[in-house]
Structures are given as C-alpha cells and as structure tokens.
Amino acid sequence: MRIKDGFELRVICGETIVMGYGKENIDFSKIISLNESAAYLWRAVEGKDFDAPMLAHLLTEEYEVDEATALRDAEKVMCDWQDAGLVS
C-alpha cells in the first residue's frame, strides 16, 4: 500500500489534517483529521510502500504498546485511509 499522490499532511490551527490538491482531487470535499499516532505513521511512510506489520513495528518503536495492539491499530488506520481514498 502507498499514500496516493495529491495528498499532504498539514497542521492548521494546531490540528493535523490531510488535504487533497491537484486536479485529480478537485472533488475532494472533506478534510481528514489525524491524531498524533496516525500523523506519525503518515510522516514515516510518506513516499514509501507499507503494510500493517510495518506500521505496527513503527508504533511499537515510538509508543509503549504491545505488538498485538499495534497491529490491530495499524490495520484500523490502513482501513480508515483506504475508506477515505488516501491510499492505494
């Protein structure tokens, strides 16, 4: 999986959000807000291929979380990003 071109992470008024740009995202009508850990993952994998185990590993390195919880959270983040059309 990879973050699609045309999306970037921004901090606006203290809120970390994903915004679409470019003509392929002209109809992008919603702003996706990311919590601290999701923003950390976004920055870590931007421009790279990734999967749930890779995200889980990143979470266990950055936060005090066990592998099973990290994997469950990573799968949820990937699903949310897929549902929002941010990754392919």
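Helices (H or I, at least four residues) and strands (E, at least two) are DSSP runs, numbered from the N terminus. The structure described here is a predicted model, in which local features need pLDDT of at least 70 and side-chain atom pairs count only at pLDDT 80 or more, while totals for chains, interfaces and linings use all residues. Residues are numbered from 1 along each chain as its sequence is written, and side-chain values use heavy atoms, with hydrogens and water left out.

**Overall architecture**

The protein chain contains three helices and three strands, arranged along the sequence as β-β-β-α-α-α. The C-alpha trace spans about 40 × 30 × 20 Å along its principal axes.

The accessible surface of the protein chain, from the Shrake-Rupley method with a 1.4 Å probe, comes to about 5600 Å², and carbon and sulfur atoms hold 49% of this area. Of the 88 residues, 34% count as buried, a term that means under 20% relative accessible area, with exposed meaning over 50% and partly exposed in between (1.4 Å probe, protein chains only). Contact means heavy atoms within 4.5 Å. Among contacts with a separation of 6 or more, 45% join residues 24 or more positions apart.

**The nonpolar core**

A nonpolar core is a set of buried Ala, Val, Leu, Ile, Met, Phe, Trp, Tyr and Cys residues joined through side-chain atoms within 4.5 Å. The largest one has 26 residues, of which Val18, Leu34, Trp42, Phe50, Leu55, Trp81 and Leu86 touch the most other members. At least two residues of this core come from each of strand 1 (7–12), helix 1 (36–45), helix 2 (52–62) and helix 3 (67–83). Helix 1 makes the largest contribution, six residues. In soluble globular proteins, nonpolar side chains tend to be buried together.

The buried residues of helix 1 are Ala38, Ala39, Leu41, Trp42, Ala44 and Val45. They pack against strand 1, strand 2, helix 2 and helix 3.

**Individual residues**

The table gives the relative accessible area of four residues.

| Residue | Relative accessible area | Class |
|---|---|---|
| Threonine 16 | 14% | buried |
| Valine 77 | 15% | buried |
| Alanine 74 | 0% | buried |
| Cysteine 13 | 83% | exposed |

Threonine 16 belongs to strand 2 (residues 15–20). Not counting residues up to four places away in sequence, threonine 16 touches Leu9, Arg10, Val11, Ile32, Ser33, Leu34, Ala39 and Arg43.

Helix 3 holds both valine 77 and alanine 74. Valine 77 and leucine 34 are 43 residues apart in sequence, with their C-alpha atoms 9.7 Å apart in space. Alanine 74 is 37 residues from serine 37 along the chain, and their C-alpha atoms are separated by 9.9 Å. Leaving aside neighbours within four places in sequence, alanine 74 is in contact with Ala52, Leu55, Ala56 and Leu59.

**Backbone features**

Cysteine 13 lies in the loop between strand 1 and strand 2. Its phi is near 55°, a positive value in a residue other than glycine. Most residues other than glycine have a negative phi, and most peptide bonds are trans. Just after helix 1, glycine 47 also takes a positive phi, of about 80°.
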